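Welcome, and thank you for taking a look at this one with us. Please have the sequence and the model open side by side as you read.

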Amino acid sequence: MVHLQREGLVLTFILCMGVCVFASDSTITFEKSSQRYERSTTQESHEVKVNERQKRETDNSNTCATPEDYVSKLNNMRDSHFFRNDLNPSISLTWSGTDGVIIALTTMTGGIAIQPSKLYRSINRGKAFSDISSQLNNDYIRKSYGMQVSPVDSTMIILVGYDSPFSFLAQNTRLYITDDAGANFQKHTCPFQMDAATLKFHPKDKFKLLAKSQSDGVHALWLSTDFGHTWKKIQDYVPAMHWDPVNSDLLYFTFDPQHALKANSIENELYRHSISSEKSTLLAQHVHSFAVQNDFIFLSIQFTGKNTSRVMHVSKNEGHAWNAAQLPLINPEQFYSILDMTEDMVFVHVDKPLDTGYGDIYTSDERGIVYSLSLSKHLYPNTGGITDFYKVMSLNGVYITSQLGDENTVHSLISFNKGGTWQSITRPDGTNCPTTEKVCNLQIHNFFSASKHVRLPSFPLSSASTVGIILAHGNLGDGLSFSPPDVYVSVDGGYTWNQPSQLKGPHFYGIGDAGGILYAVESTSDPTNQLKFSLDEGECWHTYNFSDTPIQVTGVSAEPGEKAADVSIWGWDVHGDKSWVAMTVSFDSILGQPCGRDDYVVWTAHASNKIGSIPDVDCQLGKVTTHTRRKKGTVCRNGDQLDPTATTKACACTTTDFLCDYGFKREEHGNCVEDPNAQSSNRDICIDDEEEVIVTHGYRKIPGDGCVGNEPKETIKLLKKSCAKANISKNDFGVDKDHFEVYTTPLIPVAFQTDINKNDYGVDKNDFQVYTHPTPKAPSTWVIVLLVIAVLTLGSMLVYVLYRKRDSLLRIRYTPLSQDNDEAPRQNGLLAGTQSVIDDDDAVIVDVTANGERDTPRNGAILSYHDDSDEDLLVT
C-alpha cells in the first residue's frame, strides 16, 4: 500500500505478514508539501563538491557502452497519470494480485475529515487509473491502517472506515471488503469499534482475521473466519494476541485478570485458544509479553527467584512444555527483543541496564534454549525501538548491524556466518577517507541514522530473487556521519562494494527483473525528471528523462518480488495544479528477448570470503553454495525463468563454523577460550533445589551449518551450582504446573542481574544529604578580574578546539533521550523508498517473499518493536 500526503514528502511502503500488528500488505505512503527542505551549510558544500566531481568523472568515463537507442525505446514505454480534481492530501497505494493491479486510495491526513476519500484502480501496472470512488458511497477511510491486504492472497483487501473525533460515541466500524483485486467492494459493519492497528491476518488461512476493540474500556478480542463479513467475541481485557503460524486452528492471547490493562503489567495470563472447540487453555501466569513465530513461542515472565526480574521461556510444542531460555535475567528497566528467527536459530537482543542504548546479541541453538554471546555493545536505543539489525535476503547467514564504539560513536559490522563472527565492512577499492578518520571502513545507514535526521530516502535493500546484490546508503570513515550519504552497491553479498559516481548523495533506489535492472532517482528538494539505471549490476549507469517536466519526486515503486521490469515514480506536479502524478517506465524494450541458457553462469556465493583457511574452497556455513546468475554485460530479460534456488556441497569444518559455547568467548585469533567472568558469576537459573551440573563443550556448531569432519578439539567443562535452598517451584516460573516439563538435558547457566545496591547510581544512600546553598558573600574586585581573564582564556581555547574538531562533530553519536522525545524517524522525507517506509502515524516493518507472501522484515530491521524499555518481544 502507498500513502501520500501534502504536509510532508514521505514514501511509506508497508508489506506485512498476516500476523502483522499493523497493515498487512505492501503499502506506500506519500505526502505532499509545498515547502522545500532546508539545507545546512555542510550539505550545500557537499552537494557542490559532488556535482563538480560527478561531472569530471562522467566526462572521463568511456568504458561503459550506451544501450542502443534507449531513449526512444523508453519514450515509447512510458506513461503518466495525473490524479486531477482530488483535494485529499494523502494517497495510499497497494499492489493487488499478480496481474499488475494497483489500488490507490486518497484520504485526509488527520483531524476532522472534510473531504470524502477517493478510490482508484489500475489494471496495467499504474499506466492508467480508473476512478471507482462510487464503491465507497462518499465515505471516509482512515489514512493509517486504512488499507490492509491479505498476506496469503493479495487480491483480498480491507478498507477501514474513518473514526471521527466523536468516535467514543460510535458502536461499530465500517469495512469495505474486496476479494477480486478491487473490481468490487462490499460494505460490512463490525459489531464493535475496531482498533485498526490491531487487525491481524492469518499467515496461511486467508479468511481468518483477529482484531481488538477500542474506546469501550475492555479491549475485547474478536475473531472472523470469513474475512471480516462476520465477527465473534473471544475474550475481554486482552493486551496482546498472535496466530499460531503452524496450526491454523490455534491462536494465543494474554488476558488481564485485574481488568486494569496497565502497560508493562506482569499479572497477565497466557491462553491457547482452539477455534474449532471454542475452548481456551491457560498456559502461563505472570506474563509480561510473548511472541510467536515459526514453531517457537517465547514468554517474558516474572521470575520470583529474583525480585522484579524477568526471564524468557520457550516452547516448540504449542505451549504444552516450556524451557527456560539460557539468557540473562533482566530488570524492569531492560528489555528483550527478538531480532530474527528465519534461519533455524534465534537472534535475541538483551538490553543492558541503566539506559545505555546498547546491549548484547545472543544466538541460539536449533531449539531456541541454549544461547551464546554473538556481539557486545549492539546499538539499540531505549526509546523509539530503533535498530540497524538487517538480514541480507539474497544470501543465507549474512547480517548487518551497528555497534556502539568509543565516545558513543556508531559503526557498522557485518557477519557472514549467522553471527558467529562480526567484522567491519570493507570500503570500495580505490577510495579514501578524510585524513581526520582513524579507521577507513564503509558505514551503512539504516533506521538509527534516519532517527538522527540523516537524509535517507531508502534503506538497505536486497531480495531473494537477486542473489548477492545489496543497495545501501553509506559513508566512509570510522563511524556513521551526519553528512548526506552516497549509494553503495555490492554484488557478492557484502564482501566488496562499489560507489557509482552517478549516485553521489541520497537516492530512491530499487531492483527490477531479478537483478537485471538497478534504478535510482535522486532525492532532492528540487523537482527532477531524471531516472538513473544500470543493466550490469551497478557498474555502468545511464540517465533517462522520465517526463518532459520535472516533478517533486516522493518515491519509487515496483511490483513486489523485484521481478517486474516496470518502475513507477511517484510525486506531485509542482509546476501545474499540484496534483499527484504517477510516472511509469517499462524496460521491456531495452531488455529485449528472454535470456537463454547461454546467457547464464554458475556463481559461487561467498567466493570473496577472505576468512576461510581452506585453499581453493569457498566455504561458508559448512558448504559451497552456487547459484545461477545472468552473465555480466549480457542484456536480456530474466523474468520468471531465472531460478535462484541454490545447490550446495559440504566442506570440511573450520572454527568459523562454530559458536563459542556458554562459558567461553572468542579470542582475537578466532579460537574459543574459557571466559573467566562466566565461572566467577552466579549465573544459573535453578529449576530444582538440588545441585545442578552444567556441561559446556567450548564449541557449538552453528545451526544449519553443513560442514563435516575436522571439528575443533572440545574442552568439556563441568560447572556445579548449589541452589542453596532457593526452593523455586515449577510454578515460580509462571507456568501451569500440569503442563510444565523440566528440560532433561543439562542446561547452560544464565546470568543473574545483581540486586541494585546503593552505589549503582553513584550515590551512597546512607551518606546522601540534601544540598543546601551557602550564604553568598560579596566577591572582591581581584576575584572578579581573575574570573574575567579565565573566562576569556577558556573561551579562546574552546573556539580553537572546536575549529580543530569540526570534522568529528559531524559524526553520529548515541545520546540517550527522554521518553517524551520522539526517537523514531520523522515525517520529513527521510524514509521514502521502494521497500519500506514509516508512516507518519505508525511504524511498520515489512517484507514480501518470492511467492508474494509477506512474512519477514523487508529492510532487515527487526520484527519486534518496543516503545519503552520495559517492553519485550513485541514480535509482529
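What follows is a short tour of the overall fold, the disulfides and one glutamine.

## About the model

This is a predicted model, in which local features need pLDDT of at least 70, side-chain atom pairs count only at pLDDT 80 or more, and totals for chains, interfaces and linings use all residues. Residues are numbered from 1 along each chain as its sequence is written, and side-chain values use heavy atoms, with hydrogens and water left out.

## Overall picture

The protein has 50 strands and 6 helices. Both kinds of element are DSSP runs numbered from the N terminus: helices are H or I with at least four residues, strands are E with at least two.

Of the 876 residues, 57% are buried; here buried means under 20% relative accessible area, exposed means over 50%, and partly exposed lies in between (1.4 Å probe, protein chains only). The protein exposes about 36,200 Å², with 49% of that supplied by carbon and sulfur atoms. These areas come from the Shrake-Rupley method with a 1.4 Å probe, and for residues only the protein chains shown count as cover. Among contacts with a separation of 6 or more, 59% are between residues 24 or more positions apart, where contact means heavy atoms within 4.5 Å.

## The disulfide of C64 and C540

The structure holds 5 disulfides, each being a pair of cysteine sulfur atoms within 2.5 Å. One of them is formed by C64 and C540, whose sulfur atoms are 1.9 Å apart. This pair links distant parts of the chain, 476 residues apart: C64 sits in the loop between helix 1 (41–60) and helix 2 (70–75), and C540 in the loop between strand 37 (530–534) and strand 38 (542–545).

The link of C64 and C540 is left-handed, with -80° about the S-S bond.

Another disulfide joins C619 to C651, with 2.0 Å from S to S. C619 belongs to the loop between strand 42 (600–604) and strand 43 (623–630), and C651 to the loop between strand 44 (647–650) and strand 45 (658–660), 32 residues apart. Both C619 and C651 are buried.

C653 and C707 are also joined by a disulfide, again 2.0 Å from S to S. C653 lies in the loop between strand 44 and strand 45, and C707 in the loop between strand 49 (699–701) and strand 50 (717–721), so the pair ties together parts that are 54 residues apart in sequence. The link of C653 and C707 is right-handed, at 90° about the S-S bond. C653 is buried, with a relative accessible area of 1%, and C707 is buried too, at 4%.

## The surroundings of Q403

Q403 is found in strand 29 (residues 399–404) and, at 16% relative accessibility, counts as buried. Leaving aside neighbours within four places in sequence, Q403 is in contact with L375, S376, K377, L379, T409, V410, H411 and L413. The C-alpha atoms of Q403 and L413 are 7.1 Å apart, while the two residues are 10 apart along the chain.

Which partners does the Q403 side chain reach? One is the backbone oxygen of S376, at 2.8 Å. Another is the side chain of H411, through a polar contact of 2.8 Å. A polar contact is a pair of N or O atoms within 3.5 Å; within protein, one must be able to donate a hydrogen and the other to accept it, and residues adjacent in sequence count only if both atoms are side-chain atoms.
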